[in-house]
Amino acid sequence: MPLKYFYITAVFLLTGHVYARQADTLVLTLPQVVEMAKSRSIASKQASTTRETKYWQYRTYRSNYQPQLALNGVLPGYNKTFKEVLQPDGTILFQSVHNNNSSLNLSFSQSIAATGGTIYGTTQLQRFDDFDRKNTLYNTVPFGIGYSQPMFQFNALRWDRTIEPLKFHESKQAFIESMEQIAITASGYYFDLLLAQVNHQIAATNLQNTQNIRRIADEKFALGKISRNEILQLELEQLKAQKAVGIARRDMEIATLNLRAYTGLQQAEKINLQLPDAAIQMEISVNQVLKEAYENRSDAIAFVRRIAEAKRDVAKAKGDNGLNATLTAQLGYSKSAATIPKVYHSPQDQQEIQVSFVIPILDWGRSRSRTKTAEANMQFTAYAVEQDKQVFAQEIVTQVTLFEMMQEQLALTARADSIASEKYQIARDRYVLGNLGITDLSIAFQEKDQAKRDYVSALRDCWGAYYQLRYLSLYDFERKEKITYR
């Protein structure tokens with residue numbers, strides 16, 4: 001009898017064996033891995049680069065509405081060649097040309113978004129040197145101001161003022177979505193490794209328990225209390241346990257490499273992951289998630305942008321198909337003289353006004369076809385946006401329902417895990433005492449292991465649904481605030 005109690009105590013100690021952490025083991029939690037991925041992963045760097053690109057594109061758009069100052073010219077404009085010159089009798093002579101025609105033009109311009117026109121100012125200086133005749137002449141426009149106004153044409157500046165801010169806001173929210181998508185992916189790698197570690201721990205514990213039960217069975221067999229068949233069954237179980245340890249070790253190494261590669265974790269330490277909390281402290285409702293999603297998601301902004309772009313395309317098709325005219329008016333001064341001081345002395349008035357136009361007479365219905373195509377595309381976009389809104393809302397409703405279900409499933413699997421562990425302990429003790437067969441003990445083994453795996457899988461589903469809700473709404477329901485990143 002004392003020997004029997006010794007065996008029971010030994011099995012208890014082995015079952016409750018906890019692997020001692022080595023000094024070089026890095027212990028990580030799920031939030032730590034998620035933050036690590038957001039700050040170190042290649043995906044986070046790509047998202048940041050995309051955000052920066054969108055920012056500078058927006059700055060480019062903004063510059064279109066700011067004053068522009070430019071200096072242009074030809075300096076020098078040296079030319080030595082022969083050129084054909086048409087004579088009064090219709091013949092052509094090739095005459096020597098040797099000159100310099102240089103010019104500078106300093107111009108200022110400001111676009112007017114409301115009308116699509118441009119107001120501008122200019123000052124010009126031109127020098128012409130005729131080297132053959134030893135002659136120099138200057139021409140200048142000391143000051144000139146003008147206005148150019150497209151008439152009956154598409155105003156891109158006005159439409160950009162509506163669409164470009166939407167695109168920039170959309171890009172900012174898309175960056176937040178990218179970071180939350182990183183959290184979803186990182187949590188997947190986390191649970192891949194966690195499940196692999198749990199499987200390895202289960203396999204190692206089962207191997208040790210099987211070896212010790214095998215020793216107890218050998219004692220019973222020596223006493224004639226069990227058959228040779230039961231010994232062979234235990235030997236087979238031991239071989240299976242050894243194989244399971246090898247497979248679990250391989251899966252754990254692969255999962256570790258995947259987690260390291262994604263999170264940018266380069267340290268050489270071993271990784272030991274902690275089980276996340278089983279309870280997520282947050283309250284959600286479908287209406288709240290929908291409200292936050294429509295306020296925060298880039299898709300919601302894109303709904304408005306896509307309709308605006310479709311309307312812009314219709315306006316462009318109509319503007320490009322009719323009468324296209326441009327009014328240009330300029331006032332200023334000009335003067336020509338042989339020296340620079342004289343060219344700026346008493347300049348003369350300069351006025352210019354012109355209207356250029358293009359009127360399509362016969363285009364075989366091309367203009368009307370372009371307009372009708374743009375209108376049809378706008379209608380199609382309206383239908384597509386409406387469909388996408390329904391999918392958008394349905395995805396959120398489904399995810400909220402799934403999250404609530406996952407929480408219930410997690411509680412059930414936690415209870416099942418506890419029951420299976422207790423059932424295995426009872427089965428193990430009964431086998432040691434000799435009133436339970438090896439088949440029933442194996443079943444208890446399998447049920448215990450499967451219950452533990454189911455619990456980890458339920459944790460994965462629950463936390464995956466949690467991060468998916470953050471992604472769909474861009475809202476932190478635990479802190480009750482919108483998700484932002486600097």
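This is a predicted model: local features need pLDDT of at least 70, side-chain atom pairs count only at pLDDT 80 or more; totals for chains, interfaces and linings use all residues.
## Domains and their interface

Eight residues from domain 1 and nine residues from domain 2 make up the contact.

The size of an interface is often given as the accessible area lost when the parts come together. Here domain 1 and domain 2 bury about 570 Å² between them, and 33% of that area is on carbon and sulfur atoms. On the domain 1 side, L157, G319 and G322 lose the most area to domain 2; together they account for 53% of what that side buries. The number of salt bridges between domain 1 and domain 2 is zero.

## Strand pairing

Strand β8 (residues 324-337) pairs with strand β6 (residues 135-151) in the antiparallel sense, over 11 bridges. Within this pairing, Y147 has A329 of β8 as its bridge partner.

Strand β8 is also joined to strand β9 (residues 348-358) by 11 bridges, and these two strands run antiparallel. In that pairing N324 stands opposite V358 of β9.

## Nonpolar cores

The largest nonpolar core contains 47 residues. Those with the most contacts inside this core are L273, M282, I284, I396, F403, W463 and Y467. At least two core residues come from each of α2 (30-40), α4, α5 (228-263), β7 (270-273), α6 (286-296), α9 (366-433) and α10 (438-473). Helix α10 gives the most, with 12 residues.

Leaving aside residues up to four places away in sequence, I284 touches V289, V400, F403, L469 and F477. Another core, of eight residues, lies apart from the largest one; L234, Y424, A427 and L441 are among its members.

## Histidine 200

H200 is located in helix α4, which spans residues 156-222. Is H200 buried or exposed? H200 has a relative accessible area of 17%, and because buried means under 20%, H200 counts as buried.

Which residues does H200 touch, not counting those up to four places away in sequence? The contacts of H200 on that basis are V245, A248, R249 and M252. The range given for helix α5 is 228-263.

How values were computed
Residues are numbered from 1 along each chain as its sequence is written. Side-chain values use heavy atoms; hydrogens and water are left out. Helices (H or I, at least four residues) and strands (E, at least two) are DSSP runs, numbered from the N terminus. Buried means under 20% relative accessible area, exposed over 50%, partly exposed in between (1.4 Å probe, protein chains only). Contact means heavy atoms within 4.5 Å. A nonpolar core is a set of buried Ala, Val, Leu, Ile, Met, Phe, Trp, Tyr and Cys residues joined through side-chain atoms within 4.5 Å. Two strands pair if DSSP finds at least two bridges between them. Buried area is the accessible area (1.4 Å probe) that two parts lose on being put together, summed over both. A salt bridge is a side-chain nitrogen of Lys or Arg within 4 Å of a carboxyl oxygen of Asp or Glu.
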